[in-house]
Amino acid sequence: MTEKLEAEKLKIKEIIEKEVFVTKDKERIVDQNGVDNSWLFDFRRVFLRADILDTVSELFWEKIKNEYPFQVGGIEVASIPLITSFVLKTKEKGKISNGFFIRKSRKKSGLLKMIEGEISDEKIILVDDILNTGKSFIRQVEVIEALGKKVSAVFVVLRFRDLQYYEYFNERGIKIISLFEINDFKDTLKIENLIKYEEKQTPMPFETEWYFKSENPDYFKVIPKSLPAIDNEKIYFGGDNGTFWALNQSDGNIAWKYKILFGDKTKKVFSSPTVANNTVYFGANDGNFYALDSENGKRKWVFMEADWVASSPCISKSLNSIFVGLEFGLWGKQGCLVALDLNTGKKKWEFSMSQISYSSPAYSTESNIVVCGNNNYSVYGLDAKTGKLVWEFKTDGEVKESFAFDEKRGLVVFGSFDSYVYILEAKTGKLVHKTKTNEVIYSTPLVHDDFVYVASLDKNLYCIDLKNGAIVWSFATNGRIFSSPEIINDKIYIGSNDGRLYELDKKTGENTALFQATERITNKVVYSKKTDRIFLTTFANEIYCLKKNL
């Protein structure tokens, strides 16, 4: 590097120290959980200054010129001025390079793009202001590799950790190039690399065995959608476009499909199916509730009394009944819960509610209670055999998702849009405990042993002690959580809107493994004990069949 460039680099270093580095004594610094932090690097306050961008681009060119031809990309927002400046700098050098950026979430109008700009066949260099854990870059790499492209290098102004920490990039042969590392500021800012190289990145041991995507997903609805159900051979789920799919678990090939012709625009099948007696049951937004032969997809019966059915069913085999919430909206928005005969679809009873019943019911064999929520802020406990109201519990928010029972203690657990997790007596509806989170709960809890695990739109998964309602631990993701937790081989699995599936230690909440998808994960995973495979869906109607390599 020339003396002039060394001097320019020194100027950038001084600007970072004086303007980019922010401490809590100057401004309040808050992390995603609302916790105050001591310091951060805020490059955005200088990245729109022409002199700084030009200097950084010159230094970038010096570091990367031997890699030409290349194209430059990154994730919004900080990378966009860098990408623009770098592309202009290559032109200044008499070269041409392509630029693109990746959206944090897919655009919901126009062309519905995840990537803005075109990706060419040249080697790809991803750029950003900082490299900390690398999770943001990992998502970008996964998005690009899903397109059949390969990332050659990542370039950042500042790297937080030792190079040996970044196993994900090292294993893929992705170069890490930075102008500075935190240790360069050890003397002036009194900070150093956050984690020594002996500590490892979170393992990513999951291999995609097959992948399937239903056509024309609804990118506007970022909520839980049709969660797959499995039997010994197939996996069943509904698509936003009205196609109900049956896929072979072994290879993801289509076994059969059933088309729903009418519905609520692109929200035709949001109901999650359930399988029993060689029959798959699900609702659709054409107002019908279907029972199809699981072998060939032929109709056994259809119940037709609703305007929409987005609720997901649950079954009582001892009562030979299936329960599902119905919605009526043509003459005033109302809902009801019905019990249907498993074999014939004949209605056994119904219980009317004053608002829409989007919530999915849950059935307790010990209490003989079926519980369902409503948009009128109420939760109802009904006698499963007769449909008579046993109890009603009022919250301060809508109850959209389903319920978990602790059969050992006779408890029912659920979350509400008032941000509370409620623990009630299943037989009486009496409040036992309630626990506050920081946002709306649009997730179904999981009860395991003495604890309940529940996610919130505050981006956290909580472990709550059933005995006293106390929070034992919480785990923060980088996105809101609509997904529900699941337990597989004594580990907790939870997906997030950051597109990551997290494997956690159930006792401590420690992140023990992860998988990066390209779209947001709004449903829980489904696990097959028979094949030891995990089925992961995204809000874009994708299914990943995952194998965990030990």
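Helices (H or I, at least four residues) and strands (E, at least two) are taken as DSSP runs, numbered from the N terminus. The model is predicted, so local features need pLDDT of at least 70 and side-chain atom pairs count only at pLDDT 80 or more, while totals for chains, interfaces and linings use all residues. Residues are numbered from 1 along each chain as its sequence is written, and side-chain values use heavy atoms, with hydrogens and water left out.

Ser-364 belongs to strand E22 (residues 362-364). With 0% relative accessibility, Ser-364 counts as buried (under 20% relative accessible area, with exposed over 50% and partly exposed in between; 1.4 Å probe, protein chains only). Setting aside neighbours within four places in sequence, Ser-364 touches Ile-369, Phe-405 and Glu-407 (contact being heavy atoms within 4.5 Å).

Next up is a hairpin. E36 and E37 make it with 5 residues between them, and Gly-509 in the turn has a positive phi of about 80°. Strand E36 (residues 500-505) pairs with E37 in the antiparallel sense over 5 bridges (pairing takes at least two DSSP bridges), and Tyr-502 faces Leu-514 in E37. As for cover, 6 of the 6 residues in E37 (residues 511-516) are buried.

Then there are the rings. Aromatic pairs (Phe, Tyr and the six-membered ring of Trp, centres within 6.5 Å; planes under 30 degrees apart are stacked, over 60 edge-to-face, the rest tilted) come to 45. One of them, Phe-244 with Phe-282, is stacked at 3.9 Å centre to centre and 5° between the planes. Phe-244 lies in strand E12 (residues 243-248) and Phe-282 in strand E15 (residues 279-283), so the pair ties together parts 38 residues apart in sequence.
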